[in-house]
Amino acid sequence: MRAIVVDPAAPGSLRLDTAPEPAPAAGQLLLDVRHFSLNRGEVAAAGGRPAGAVHGYDAAGVVARAAADGTGPAVGARVVAFGPGAWAERMAVATTAVAEVPEGVGLAEAAALPMAGLTALRTVRSRSVLGRRVLVTGASGGVGRYAVRLAALGGAEVIASVGSPARGEGLEALGADRVVVGLDGVDAPLDLVIDTVGGPQLVAAWDLLAPGGELRTVGAASGEPATFAPASLFSLGPPKVMSTFGDVSEPGPDLATLLRFVAAGRLSPEVGWRGSWEAVAEAAEALLARRIVGKAVLEVATD
């Protein structure tokens, strides 16, 4: 079969080539992939994977073979999937990591949901945001745009931080109460920070956190270290918390939740670029250069 494989010598360390057919285990179905999406972080990390490995995690398509253990959707079902080896004509994926796509939701839109949508949903849901002040950094990216929308749906006052005024376009329509460049004009106290940037901005956001507040670090797009001054992590009153957040285990039910939001018009798949998988190098370069707002979705062209 054809697939997007890792090649450290290729642009973006990715190229379209051939790969072995997947061999589903008993609890896995075989998916004919129709669309998949790129996440900036996985594109940036591609060069560190073994050459020839099939890359990617987000896909949507049609079930070609149901799971041997009888779980999961039947042959012909339209599903969205989260799992390794997604950027290929076919992928084997656990039935606990898929959700059926409702009528009226396209497979291309569904493919934009898994990694970024799951991260945003589970992070926002980690604590009550009703009436709270929530800062989302890197708000124009895949995770960021979903986090802005979901925090607004949860009743938060949402501050969306971006790298430039142009990157902030459309965020107020998603529910941001304020859009700022960096942390300009952001004052304390913040109840929850969803940080995708890292580096000095993470440190500055920590200083704005209210007693009892929480900073969730879900990315490090800046590539810079976060250096805290002596005693800056100490504060009086209820403890402030900083934690990583990357739990995508058993994603099927949460994928179904995201799809219900989309079907009801409450959440929009954040697709900033669409094209053929023949253009994977172009899409990867545009993501790394931050020329794409949201996600890049590629269509699998079959012979």
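Author: Happy to! Let's take helix H4 and begin with its length. H4 has twelve residues, and at 1.5 Å a residue they should span 16 Å; the C-alpha atoms at its ends are 17 Å apart, which agrees. Keep in mind as we go that this is a predicted model.

Next, how covered is this helix? H4, which runs over residues 142-153, is mostly covered, with nine of its twelve residues buried. Those buried residues are Gly 142, Val 143, Gly 144, Arg 145, Tyr 146, Ala 147, Val 148, Leu 150 and Ala 151. A handy rule for reading any such list is that an α-helix has 3.6 residues a turn, so residues three or four places apart point the same way. After the helix comes Gly 155, with a positive phi near 90°.

The largest pocket has a volume of about 860 Å³. Its lining is made of 36 residues, and Val 143 is among the five closest to the centre, together with Arg 40, Gly 41, Thr 196 and Ala 221. H4 supplies at least two residues of this lining, as do helix H1 (40-44), helix H3 (114-124) and strand E9 (157-162). The biggest share comes from H1, which gives four residues.

Leu 150 and Leu 153 are among the residues that line it, and so are Leu 121, Val 124, Gly 154 and Phe 261. Here the lining divides into six nonpolar residues, one polar and three charged.

Finally, go back to Gly 142 and look at a neighbour. Gly 142 is one of the residues touched by Lys 295, along with others including Asp 58, Ala 116, Glu 270 and Trp 273. Lys 295 sits in strand E15, residues 295-299. Is this lysine buried or exposed? Its relative accessibility is 2%, so Lys 295 counts as buried, the cut-off for buried being under 20%. The side chain of Lys 295 also makes a polar contact of 3.3 Å with the side chain of Asp 58.

How values were computed
Residues numbered from 1 in each chain as written. Predicted model: local features only at pLDDT ≥ 70, side-chain atom pairs only at ≥ 80, totals over all residues. Heavy atoms only, no water. 1 Å grid on protein atoms, 1.4 Å probe; cavity = no way out; pocket = protein on both sides within 12 Å on 5 of 7 lines; lining within 4 Å. Points joined across faces, edges and corners; volume = space filled by probe spheres on them. Nonpolar A, V, L, I, M, F, W, Y, C, P; charged D, E, K, R; others polar. Expected span 1.5 Å × (residues − 1). Buried < 20%, exposed > 50% of the residue type's maximum accessible area, 1.4 Å probe, protein only. Polar contact = N/O pair within 3.5 Å; in protein donor to acceptor, adjacent residues only side chain to side chain. Contact = heavy atoms within 4.5 Å.
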